[in-house]
4 protein chains.
Amino acid sequence: MNPSSQKATPSVDKSAAASRAPKRERGRQRVAALIDAASRVIAARGYAAATMTAIAAEAGAAIGSLYQFFPTKAALAEVLLGRYGERLGAALDALSARSGTLTPETLAEGLAAMMLDLTADRAAVMAILDARADTVGARQQLRARFEAGIGRLLRAVRPDVADDDMAMMRLTLLYMLKAIPAMAGDAPQATSRLRAHAARAMALYIAS
Amino acid sequence: MNPSSQKATPSVDKSAAASRAPKRERGRQRVAALIDAASRVIAARGYAAATMTAIAAEAGAAIGSLYQFFPTKAALAEVLLGRYGERLGAALDALSARSGTLTPETLAEGLAAMMLDLTADRAAVMAILDARADTVGARQQLRARFEAGIGRLLRAVRPDVADDDMAMMRLTLLYMLKAIPAMAGDAPQATSRLRAHAARAMALYIAS
Amino acid sequence: MNPSSQKATPSVDKSAAASRAPKRERGRQRVAALIDAASRVIAARGYAAATMTAIAAEAGAAIGSLYQFFPTKAALAEVLLGRYGERLGAALDALSARSGTLTPETLAEGLAAMMLDLTADRAAVMAILDARADTVGARQQLRARFEAGIGRLLRAVRPDVADDDMAMMRLTLLYMLKAIPAMAGDAPQATSRLRAHAARAMALYIAS
Amino acid sequence: MNPSSQKATPSVDKSAAASRAPKRERGRQRVAALIDAASRVIAARGYAAATMTAIAAEAGAAIGSLYQFFPTKAALAEVLLGRYGERLGAALDALSARSGTLTPETLAEGLAAMMLDLTADRAAVMAILDARADTVGARQQLRARFEAGIGRLLRAVRPDVADDDMAMMRLTLLYMLKAIPAMAGDAPQATSRLRAHAARAMALYIAS
DNA sequence: TATGAATGAGACTTCATTCAT
DNA sequence: CATGAATGAAGTCTCATTCAT
């Protein structure tokens with residue numbers, strides 16, 4: 001059905017269309033600026049309402065420049081998802097490195113701090129996951145990474161809990177964590193007090 | 001970003017006559033069916049991706065019929081929001097009626113049960129609130145109703161907590177409650193066990 | 001006719017997206033006008049250069065009206081292909097009905113006349129088949145219909161030729177026929193004389 | 001930052017300097033590779049769908065390099081047309097050189113062979129001529145060259161035919177010839193037999 | 001009232017062409 | 001000369017909304 005001659009064009013599988021990597025320094029800077037702009041615009045308006053035109057404008061680029069690196073809106077979203085996943089993984093690893101010395105309190109504090117650190121891209125990532133049905137794979141991957149990390153940490157602090165209950169506990173904690181950035185967004189001036197409250201609620205639950 | 005004009009000629013205050021009230025029973029059923037259809041479609045696709053045509057089709061109606069009752073997509077969304085608010089208020093009132101006999105445990109259980117009861121419209125409501133910047137008013141109204149109800153209930157169970165801490169507690173609890181339907185959606189087969197875990201976490205926190 | 005429900009989005013398989021059938025007389029007229037306009041514009045500019053906007057304009061319709069009935073440019077092309085196929089089949093059947101009395105000369109004349117009758121849509125159909133790689137199916141169907149019809153007619157006139165040679169003869173004749181409209185387009189004022197020449201060339205070949 | 005202006009300021013007559021001639025052998029090879037690539041890509045996708053980027057990629061060159069030699073896509077197409085014209089002329093001249101000894105059969109054979117030799121660039125040339133309205137001049141030039149050559153050859157073999165009929169015969173033959181590559185493309189494995197059939201059809205017609 | 005065709009602004013995406021490095 | 005990023009006009013397609021029947 002397709003293109004060029006001799007075979008030439010493996011072309012791109014549109015469904016998997018990844019972002020084109022820039023080959024020059026100038027391009028690398030552009031790409032970073034574009035991703036940041038996308039994060040801001042998607043977080044502010046939601047995925048569907050975030051137009052590619054608005055994202056390009058937010059980055060001070062022409063629409064064509066945006067498409068130079070991200071062949072589709074979906075590809076841009078995927079990059080954002082990937083970046084978030086990496087940052088999440090790094091934060092969990094950092095906590096794991098301290099797992100020998102963690103108590104329910106310090107673990108809860110650490111997790112709460114981690115969630116607040118990831119706030120910048122979080123809203124955009126959630127908007128993307130909510131909006132797109134075909135993000136299932138990415139969503140599961142993110143989720144798996146998150147759950148595994150939390151599971152490892154919990155196990156270190158509560159080696160006594162049965163596997164079965166631990167699974168529930170992991171899930172409950174995961175959703176408590178998810179609530180933290182939302183709360184912080186709600187009352188920015190009281191973030192630190194809210195974090196303390198949330199951490200207390202989690203610590204109590206973990207220790208229960 | 002989108003079609004019509006309408007900003008030029010407000011002519012009729014649309015928010016006041018959000019949906020033309022049907023005169024007869026037949027019409028009332030039709031309207032309810034349309035709202036239910038909207039709720040399902042918006043929950044499944046998100047607000048922006050839920051087209052008026054799809055909503056009409058889901059209800060087995062023609063697009064023209066949908067517009068007979070809801071002059072704009074925004075009006076339809078507002079009605080959905082209103083319905084959710086009323087149901088939420090009713091549930092909180094029912095709990096309040098029992099406030100003399102509530103303990104942290106029964107309150108937590110009652111709130112968790114309430115959240116699960118409201119699941120049907122909840123996803124659509126969240127999608128609407130996330131997607132539209134101009135829903136701020138409705139969002140605040142919903143929120144105020146929710147917070148006030150929880151505040152009253154908490155005060156009944158914990159008359160000892162300082163006002164200042166109570167505000168934080170109210171907010172923390174509110175977000176814990178918000179997490180429950182999400183968790184239930186995640187693991188439908190374990191809903192009752194999850195509810196128990198969530199209720200335990202809340203009861204511990206309330207009693208702390 | 002009322003769609004799904006809980007699952008909401010069976011939607012449409014885009015790859016098979018057929019043209020939506022109009023349900024009112026007004027629509028039926030519109031559709032015919034749109035197809036004719038498409039035929040003219042595609043014939044004049046080629047498939048790729050024929051813009052949907054230009055086609056709509058040629059039909060005096062808004063772009064949205066075009067898309068009301070033809071969800072994609074490809075769907076429009078397919079309808080054109082289908083119409084041509086039906087007309088071709090009808091013409092071949094008409095010739096077949098006379099097959100008892102055909103001689104090489106009258107057969108050649110009849111085929112040449114048929115090709116000229118189909119001229120209106122022919123250019124557009126060829127442009128479509130040339131331009132789109134995924135028309136393979138339609139192309140083969142058209143081709144099969146054409147070859148089968150010619151084969152039957154040839155067999156009636158030349159029952160003596162071996163099957164093997166007959167296949168070649170069928171193909172050769174098919175391409176001679178295809179040349180006729182092109183020639184006629186080249187020298188419109190000499191169409192009848194050209195038809196005579198072409199018919200003579202074919203008759204000689206058939207009788208050889 | 002000035003994009004497409006150029007309609008305002010023709011400045012240089014681009015059709016005159018259709019392609020900047022390369023000064024060295026290296027450049028000449030590069031140009032030939034680019035033209036070959038263009039031929040393949042245009043033949044495979046059609047003129048409109050053949051992107052300059054794809055052509056450059058097919059040649060293993062950067063887009064900037066392609067524009068180094070061909071200032072516009074049209075210029076590239078023109079060069080392709082020119083190359084085809086020269087090869088056609090050369091083939092016709094070679095046949096003319098044998099015109100003293102030609103019979104209807106050998107002439108038909110020779111013409112058929114010529115058409116098959118030109119197959120490589122033919123598809124691209126046809127795609128260009130079909131797609132662009134402003135190729136009329138080039139088309140007529142090609143056509144004139146072709147008709148003149150055939151006319152000369154026919155005259156040598158059939159000095160008896162009246163001028164008037166000869167014109168028709170020339171045209172008829174021209175279209176029979178055009179059909180040959182199409183047939184060959186259709187059934188590659190039977191090319192030689194098809195050529196024989198086509199040559200027979202032509203010889204019969206020429207001799208008639 | 002019910003229906004569905006009509007409309008056009010605006011979204012996503014492509015690509016010829018330019019130009020700094 | 002080579003390279004690849006930058007640009008924006010233009011194309012395809014969507015959908016909220018209107019209105020004739």
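Me: At roughly what angle do the axes of helix α1 and helix α6 of chain D cross?

Reply: This is a predicted model, in which local features need pLDDT of at least 70, side-chain atom pairs count only at pLDDT 80 or more, and totals for chains, interfaces and linings use all residues. Residues are numbered from 1 along each chain as its sequence is written, and chains are lettered from A and ligands numbered from 1 in the order in which they are written. Helices (H or I, at least four residues) and strands (E, at least two) are DSSP runs, numbered from the N terminus; axes are lines fitted to C-alpha atoms, for helices over the stretch in contact, with angles from 0 to 180 degrees between N-to-C directions. The axes of α1(D) (residues 25–45) and α6(D) (residues 119–131) come within 8 Å, and the crossing angle is roughly 60 degrees.

Me: Which residues of α6(D) does α1(D) meet?

Reply: Contact here is C-beta atoms, placed from the backbone, within 7 Å. The α1(D) side supplies Ser39(D), Ile42(D) and Ala43(D). Their partners in α6(D) are Ala120(D), Asp121(D), Ala123(D), Ala124(D), Ala127(D) and Ile128(D).

Me: How many residues of that contact of α1(D) with α6(D) are nonpolar?

Reply: Ala, Val, Leu, Ile, Met, Phe, Trp, Tyr, Cys and Pro count as nonpolar, Asp, Glu, Lys and Arg as charged, and the others, Gly among them, as polar. One residue of the contact is polar and one is charged. The nonpolar residues number seven.

Me: Why do chains C and D meet through the same surface?

Reply: Compare the interface residues of the two copies. The surface is the same because the interface residues of chain C that are also interface residues in chain D amount to 96%.

Me: Which element gives the largest share of the side of chain C that touches chain D?

Reply: Chain C brings 26 residues to the contact, and chain D brings 25. Elements of chain C with two or more residues there are α6 (119–131), α8 (163–186) and α9 (191–207). This side of chain C divides into 17 nonpolar, four polar and five charged residues. The largest share, 11 residues, is from α8(C).

Me: As what kind of axis are chains A and B related?

Reply: Chain B is laid on chain A by a turn of 180 degrees and a shift of 0.2 Å along the axis, with an RMSD of 0.3 Å. The two copies are thus related as by a two-fold rotation axis.

Me: How far apart are the C-alpha centres of domain 1 and domain 2 of chain A?

Reply: An automatic or database domain assignment sets the bounds. Domain 1 of chain A covers 21–71 and domain 2 covers 73–208. Their C-alpha centres are separated by 27 Å.

Me: Which helix gives the largest share of the side of domain 1 of chain A that touches domain 2?

Reply: Domain 1 puts 11 residues into the contact and domain 2 puts in 15. The domain 1 side has nine nonpolar, two polar and no charged residues. Its largest share is five residues, from α1(A) (residues 25–45).

Technical notes: Least-squares fit on C-alpha atoms with pLDDT ≥ 70 in both. Contact = placed C-beta atoms within 7 Å.
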